[in-house]
Amino acid sequence: MISKLKSLFSKDDKELIYAPIPGDVIPVTKVSDPTFGQELVGKGVAIIPREGKVYAPVNGNVSTIFPTLHAIAMVSENGAEILMHIGLETVKLKGEFFTAHVESGADVKKGDLLLEFDVEAIKNAGYDIVSPVVVCNVDNYAVIDSKVDQNAGNKDVIIALTKNAQ
Amino acid sequence: MRVIKAINNNVVSAKDDTGREFVVMGRGIGFKVKENMEIDQDRIEKVFYMDNQNTIDHFKELLSNIPMQHFKVSNDIITYAKQILNKKLNQNIYITLTDHINFAVERYNQGMMFQNPLLWEVQSIYKNEFQIGEYAIRHISDQLGIFFPEDEAASIALHIVNAEYNTVMADAMNMTKMVPVIVDIVKEYYQTDIAEDSLHYERFVTHLKFLAQRIINRELLDSQEAELHNVVTNLYPKEYACAQEIAKYIENIYTYKITEEELVYLTVHIRRVITVD
């Protein structure tokens, strides 16, 4: 009982995710694409980028860089699976306007530069640049809080996770 | 509501002002009534509307050829099932279950009892329905003094499944066989066990039951959601490969190709059941 109470208040059960892309943070449910808007792959936020850079939102491991470089997934050191998807339908760009700075499997620290992309070029090519950042392993958390913010940066928390009680 | 014909003392067929025929049950409702007599409203316990005249005719024929007690027992079981499941059941259940119980009682009286080869599968996949089947055999023993084995509970459960999913018996049996095989493919693929009492297993099985229903009824989801497909196959390549194994099995046995959308949903569900803490 005591240990259960302790775990309720211990820091280990909380995990914070910082903004990977500088920009304005909106609820992911505002995204028009159903894959993200209806939270089919995860819960979280979407960022309207001010700058075409993706920084690691947590310490952890880069689990997947999509072959077309438009999305990157990380597993945090505490086990959160985070998907960062730059723009909507941008798989069709086949990697154009994206530059990766890490490879799949790399261990990274919060704030490390992972990926760069050309915001204006992607917009001019006719794509919506709104970029979902979602936690995919939602079943492992009792609470997934997301924070809407103007002009967020890598120091700002966008998602707070609370683990299921064991 | 006017009488068309008394089926027995407690059941009549009747029609409303529009001429639509239905069956009415109530104690003494058919006693000494004649065609076109107004039905005594106070005696009505239950009204059975069926989809079409054929079904009504079938129902009337069944009711005039079986002991009323068998129908009452069947009716009680259906009422209980509706409470437990809290959803609409296909009205045909009044015919199929009544017929089944009547036939099972006849067989019992002749000393013939059949085993249900799907007893274990029904017990593990259709838990609520099996619970209804267990209630049914208790109720039958109370009311008719006949002691059916658990196999009979599974058979009754499958009738309930049909009424829920709008399938026929052969389909319900296929659905029941399909789900555990899919679970086994996943266990084998990951060389792991899945705790059957967990919420995630429950959710996974629920997804599989509806998938099985969509396969049987040839109604697979197919919306060509390209973004979802791209994200899921990149995020979960191993689970997607496992889903493709399942698709192969379904194609081999049921000669039906699983759509990409179903594959993607299956992938997400496999991921959940495999990775949860």
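A salt bridge is a side-chain nitrogen of Lys or Arg within 4 Å of a carboxyl oxygen of Asp or Glu. The exercises below concern a predicted model.

**Exercise 1.** Describe the salt bridge between B:E38 and B:R2, and locate both residues in the chain.

*Solution.* 
Step 1. The side chains of B:E38 and B:R2 meet in a salt bridge, with a distance of 3.6 Å from N to O.
Step 2. B:R2 belongs to strand β1 (residues 2-8) of chain B, while B:E38 lies in the loop between β3 (21-25) and β4 (46-48) of that chain. The pair, 36 residues apart, links distant parts of the chain.
Step 3. The relative accessible area is 46% for B:E38, which is partly exposed. For B:R2 the value is 39%, and this residue is also partly exposed.

**Exercise 2.** Explain which parts of chain B are tied together by the salt bridge of B:R271 and B:E239.

*Solution.* 
Step 1. The closest N and O atoms of B:R271 and B:E239 are 3.3 Å apart, and the two residues form a salt bridge.
Step 2. Because B:R271 lies in helix α11 (residues 260-275) and B:E239 in helix α10 (residues 237-254), the pair ties together parts that are 32 residues apart in sequence.
Step 3. Both B:R271 and B:E239 are buried.
Step 4. Elsewhere, A:E51, A:K53 and A:E116 are joined into one network by salt bridges that share partners. Over all chains, a search of the whole structure finds 20 salt bridges.

**Exercise 3.** Identify the residues that touch the most other members of the largest nonpolar core, and list the contacts of B:F71.

*Solution.* 
Step 1. The largest nonpolar core has 82 residues, of which B:F59, B:F71, B:I77 and B:I270 touch the most other members.
Step 2. Residues up to four places away in sequence are not counted; B:F71 then touches B:M25, B:F48, B:F59, B:L63, B:I66, B:Y94 and B:T98.
Step 3. A second, separate core has 35 residues, including A:V54, A:V58, A:A80 and A:I86.

**Exercise 4.** State the volume of the largest pocket, and find which element gives the most to its lining.

*Solution.* 
Step 1. The largest pocket holds about 360 Å³ of space.
Step 2. It is lined by 22 residues, and those closest to its centre are A:L40, A:C136, A:V138, B:V268 and B:R272.
Step 3. The elements that give two or more residues to this lining are α9 (226-235) and α11 of chain B. The most comes from α11(B), with 7 residues.

Notes: Residues are numbered from 1 along each chain as its sequence is written. Chains are lettered from A and ligands numbered from 1 in the order in which they are written. This is a predicted model: local features need pLDDT of at least 70, side-chain atom pairs count only at pLDDT 80 or more; totals for chains, interfaces and linings use all residues. Side-chain values use heavy atoms; hydrogens and water are left out. A nonpolar core is a set of buried Ala, Val, Leu, Ile, Met, Phe, Trp, Tyr and Cys residues joined through side-chain atoms within 4.5 Å. Buried means under 20% relative accessible area, exposed over 50%, partly exposed in between (1.4 Å probe, protein chains only). Contact means heavy atoms within 4.5 Å. Helices (H or I, at least four residues) and strands (E, at least two) are DSSP runs, numbered from the N terminus. On a 1 Å grid over the protein atoms alone, a cavity is a set of points where a 1.4 Å probe fits but cannot get out, and a pocket is an open set with protein on both sides within 12 Å along at least five of seven lines; lining residues have an atom within 4 Å of a point. Grid points are joined across faces, edges and corners, and a volume is the space filled by probe spheres set on the points.
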